[in-house]
Amino acid sequence: LTNHKLICIKDAKIKWVISSEGLPFTYATGLADNSILVAQTSKLLNISSEGKKKFSYDVKETISAPPVLDKNGQIYFCTKSKLYSLK
C-alpha cells in the first residue's frame, strides 16, 4: 500500500496493481479470505485476492484508523467523530 497504489505481490512477482485515481489510500487490513479492506480517504473498499472490488462504502468524513473485522464478520471503522459497523 502506498498513497496512490495498492500492489499485490505473490512469489516475488507483482500479481496486480490498483491505482487510487486521485484520493489517497490511507489504511489496509488483510482478511482471512485473502481479500483486503482499504480505506481511501472517505471510502472503504473491499478488494478480492484477484484485485476486483467486492464492495465500497462512502462516508462524509475521512476514515481515521485501519478497518477491523470481528469473529462474526462485522466490519468496524471510524472517522474522528463516528464509529461505523457494516455487516
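Three aromatic pairs are counted in this structure, which is a predicted model. One of them joins Y57 and F77, whose ring centres are 6.2 Å apart with 70° between the planes, an edge-to-face arrangement. Y57 belongs to strand β6 (residues 53–58) and F77 to strand β8 (residues 75–78), so this contact ties together parts 20 residues apart in sequence.

Another pair is formed by Y57 and Y84. Their ring centres lie 6.4 Å apart and the planes stand at 65°, so this pair is edge-to-face; the cut-off for that class is an angle over 60 degrees. Y84 sits in strand β9 (residues 83–86), and the pair with Y57 of β6 therefore links parts that are 27 residues apart in sequence. Y57, F77 and Y84 together make up one aromatic cluster.

An open sheet of three strands has the order β7-β8-β9, and its pairing is antiparallel. Its edge strands are β7 (68–69) and β9, each of which pairs on one side only. The strand of F77, β8, is joined to β9 by four bridges, and the two run antiparallel. Within this part of the sheet, C78 is placed opposite L83 of β9.

Y57 lies in strand β6, which belongs to an open sheet of four strands in the order β3-β4-β5-β6, again with antiparallel pairing. The edges are taken by β3 (27–30) and β6; each has a single partner strand, so one side of each has no neighbour in the sheet. On average, neighbouring strands of this sheet are turned by 15° against each other, direction ignored.

Which residue of β4 is the bridge partner of Y27? The partner is A39.

Taken together, the aromatic cluster of Y57, F77 and Y84 includes a ring from β6 and a ring from β8, along with a ring from β9.

How values were computed:
Residues are numbered from 1 along each chain as its sequence is written. This is a predicted model: local features need pLDDT of at least 70, side-chain atom pairs count only at pLDDT 80 or more; totals for chains, interfaces and linings use all residues. Side-chain values use heavy atoms; hydrogens and water are left out. Rings of Phe, Tyr and Trp (its six-membered ring) pair if their centres lie within 6.5 Å; planes under 30 degrees apart count as stacked, over 60 as edge-to-face and the rest as tilted. Two strands pair if DSSP finds at least two bridges between them. Axes are lines fitted to C-alpha atoms, for helices over the stretch in contact, and angles run from 0 to 180 degrees between N-to-C directions.
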